[in-house]
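Hello,

Here is the model I promised to pass on to you. Please open it alongside this message.

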Amino acid sequence: MVQIKSERLWGSLMDLARIGATPKGGVRRLTLTEVDREGRDRFVGWCKEAGLEIAVDGIGNIFARRAGTDPSAAPVAIGSHLDSQPSGGKFDGAYGVMAGLEVVRTLNDAGIRTRAPLEVVSWTNEEGSRFVPTCMGSGVFAGVFSLESVSGNKDVDGITVGEALKKTGYAGTAQPHKLGAYFEAHIEQGPVLEQTKTTIGVVLGALGQRWFDVAITGQDSHAGPTPMETRKDGLVAASRLVLEVNRIANTFPDYARGTVGFMQVKPNSRNVVPGEVRMTVDFRNAKDATLTAMCNELDLSVSRVEKECRVKIEKKQVVYFPPSEFAPDLVDSVRAGSKAFGYSHRDIVSGAAHDAVYMSRIAPTAMVFVPCEGGISHNEIESARAEDLAAGCNVLLQAVLTKAGTA
Ligand code: GLV
Ligand code: MN
Ligand code: MN
């Protein structure tokens, strides 16, 4: 059985991690920034060296194509994202893109031609940190939202997606095209594989998500003369909502998760009762109905906090996708690939969003997970073992070959 080169995969990951490297060993490669452009350029350079043909679409997704023997066959795509969280790690996203490249390099070395063409894809703005929504590029490609509807979305400094895209030079003209299948390799970003000493996670699907932007308006006032019982303290209201989000996620079933990860307090001065707070809410669940019930419960909390804290609270949904299920035959091929190499494996559900979620709406899709140290991700200390990354890539290669066929 043909195998990928572990050192080459690791080398590419480490090279890429130098672009936007942080002092603590992580990566800060926010979407559509100058460092993101550098990362993209490096990836495109490697793809060209591997003989791939590059196409870029309007939202900046990069498709690197290796011809198949049957030009009429829809391509089998392999991808993930090169953007990172503000204090992200070396592997979240980058692994899936570099694993796709490693599959192609391996096939080149072995002189293997596939029947269907292959495409290594880097999706724009998977993280959803600088700009919402998460999985923006794959969402546009899949027709979940239009390019126009996201182009005006702004970051905290008021820069729009359209402006940032133009500046990077990655606003292309390629049109959406049909895919025969989509595969994505990723670190697990949670503790299950490591704790169970399992090498491969066979991903059945992903939790559904609802994200909100919340704006709380109270009134700035003096910290001394303003009596406690008349204050309109936006931060007290926000703090109570944080606890409510946490309570809801702790009390609802079906893998409920709830996070407030972003907060801006104004005027942010030690002797002013804060009159304005902006914050986010991220709810996740394995069942759509439970996800809705969590949001209904939050609405009740919002009304209560508004009244008791004498503030106004506006809540706007900025991301919604229901729980997704991947294609059983492709999931089976991931399982079969693990067995063929003798890797330990187990079925797993993804708590994280991935571009695979939107791809699964337009093409048969599957994911391969590998363990990461301590289950930690979205953190500069994120780490994974070279042998696990190689194992995931070998499984990916087998699954891709099964789907694409050999000439
Ligand atoms: C993507 O990284 C997510 O938030 O799940
Ligand atoms: Mn990711
Ligand atoms: Mn991420």
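Predicted model: local features only at pLDDT ≥ 70, side-chain atom pairs only at ≥ 80, totals over all residues.

Residues are numbered from 1 along each chain as its sequence is written, chains are lettered from A and ligands numbered from 1 in the order in which they are written, and side-chain values use heavy atoms, with hydrogens and water left out.

**The cores.** A nonpolar core here is a set of buried Ala, Val, Leu, Ile, Met, Phe, Trp, Tyr and Cys residues joined through side-chain atoms within 4.5 Å. Buried means under 20% relative accessible area and exposed over 50% (1.4 Å probe, protein chains only). The largest core has 97 residues, and L13, Y95, M98, F183 and L389 touch the most other members. Its largest share, 11 residues, comes from helix α12 (residues 386-404); helices (H or I, at least four residues) and strands (E, at least two) are DSSP runs, numbered from the N terminus. Leaving aside residues up to four places away in sequence, F183 touches, among others, V76, I78, L330, L396 and V400 (contact means heavy atoms within 4.5 Å). A second, separate core of 23 residues includes V277, F283, V302 and V305.

**Helix α2.** The buried residues of α2 are D36, G39, R40, F43, V44, W46 and C47. They line one face of the helix, because seen down its axis they fall within an arc of 160° (taken from the directions from the helix axis to the C-beta atoms). K48 and E49 are exposed on the other side. The buried residues pack against α1 (6-17), β1 (53-56), β2 (62-66), α3 (94-110) and β4 (118-123). Just after α2, G51 has a positive phi of about 85°.

**Helix α6.** In α6 (residues 161-168), V161, A164, L165 and T168 are buried. Their arc is 100° seen down the axis, so they too line one face, and K166 and K167 are exposed on the face turned away. The buried residues of α6 pack against α2, α4 (136-141) and α5 (147-151).

**The ligand.** Which residues surround ligand 1? They are E126, E127, Q209, W211, R284, A352, A353 and H378, each with a heavy atom within 4 Å. For polar contacts (N or O pairs within 3.5 Å), an oxygen atom of ligand 1 is 2.5 Å from a polar backbone atom of A353. A polar side-chain atom of H378 is 3.2 Å from a ligand 1 oxygen atom.

Best wishes

Terms used:
Polar contact = N/O pair within 3.5 Å; in protein donor to acceptor, adjacent residues only side chain to side chain.
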